[in-house]
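Subject: Structure for your review

Dear colleague,

My notes on it follow, and I would ask you to read them with the model open.

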Amino acid sequence: MFSKEESRKLREEFWISFGKSFPRKWILYDTRLKGLSFKFHFDTKLALVALDLEDDLENRIKFWDKLQSLKVILTDDYLPDAIFEEEYYLENGKEISRIYLKLNQRVSIHNKNCWKEVMEFFIEKMTLFEAFFEDYKDFIDS
């Protein structure tokens, strides 16, 4: 078991290490589309990359319908394992819509032995997610 402080330090160390190992500017929250953001997630159980729709319901539906219409392109040309969940509940109970990929093995941010694999997963999948977004953002935003 790790104390909250030890856990916080490990998380911080991971993200600093990730940034130094793979320095690049990610789109993440700066998609320029209100309510649509990319996220990295790594905790004591799993690692995933996600495209989250967190705005009001009307805007979420608008973006979701457009992304759903691009599902075949996303899964055929970019991310075959992408999971689409129109109703996804965050730990705090908030409902969002999410398209994501998770690393299909048990990992923990507390285990430095799996950090390299998680970082490589993040780089590969988020790069493809961003490429898809860049290619289709005008359609998504129309």
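Which residues does F129 touch, not counting residues up to four places away in sequence? The model in which this is asked is a predicted one. In it, F129 touches F38, V49, A50, L51, L74, L79, I99, Y100 and L101.

The nonpolar cores

F129 belongs to the largest nonpolar core, which has 41 residues. Together with F14, F42, L74, I99 and F122, F129 is among the residues that touch the most other members of this core. At least two residues each are supplied by helix 1, strand 1, strand 2 (47-53), helix 2 (57-69), helix 3, strand 4 and helix 4. Helix 4 gives the largest share, eleven residues. Another core, of five residues, lies apart from it, and A50, Y88, I96 and Y100 are among its members.

Helix 3

Helix 3 covers residues 71-78, and its buried residues are L74, T75 and Y78. Seen down the helix axis, these buried residues fall within an arc of 115 degrees, and therefore they line one face of helix 3. The face turned away from the buried side carries the exposed residues V72, D76 and D77. The cover over the buried residues of helix 3 includes strand 3 (83-89), strand 4 (95-102) and helix 4 (115-141).

Aromatic residues

How many aromatic pairs does a search of the whole structure find? The search finds 22 aromatic pairs. One of them joins F18 and F22, whose ring centres are 6.0 Å apart with 45 degrees between the planes, and this pair is tilted. F18 is buried, because its relative accessible area is 4% and buried means under 20%. F22, with a relative accessible area of 28%, is partly exposed.

The rings of F132 and Y136 have their centres 5.4 Å apart and their planes at 35 degrees, so this pair is tilted as well. F132 and Y136 are four residues apart in helix 4, which means that about one helical turn separates them. F132 is buried, at a relative accessible area of 1%, whereas Y136 is partly exposed, at 23%.

One aromatic cluster is formed by F14, W15, F18, F22, W26, F40, F42, W115, F121 and F122. W26 also has a charged neighbour: R24 lies over the face of W26, at 3.8 Å from the ring centre. Elsewhere, the charged end of K71 sits over the ring of F84, 4.8 Å from the ring centre.

Two individual residues

Where is R32 placed? R32 lies in the loop between helix 1 (4-21) and strand 1 (36-42). R32 counts as exposed because its relative accessibility is 73% and exposed means over 50%. Most residues other than glycine have a negative phi. The phi of R32, however, is near 70 degrees, a positive value in a residue other than glycine.

G19 is found in helix 1 and counts as partly exposed, at 37% relative accessibility. G19 and M119 are 100 residues apart in sequence, and their C-alpha atoms are 9.5 Å apart in space.

With kind regards

Conventions
Residues numbered from 1 in each chain as written. Predicted model: local features only at pLDDT ≥ 70, side-chain atom pairs only at ≥ 80, totals over all residues. Heavy atoms only, no water. Buried < 20%, exposed > 50% of the residue type's maximum accessible area, 1.4 Å probe, protein only. Arc of directions from axis to C-beta. Contact = heavy atoms within 4.5 Å. Phe/Tyr/Trp six-rings, centres within 6.5 Å; stacked < 30°, edge-to-face > 60°. Lys NZ or Arg CZ within 6 Å of the ring centre and 35° of its normal. Core = buried A, V, L, I, M, F, W, Y, C linked by side-chain atoms within 4.5 Å.
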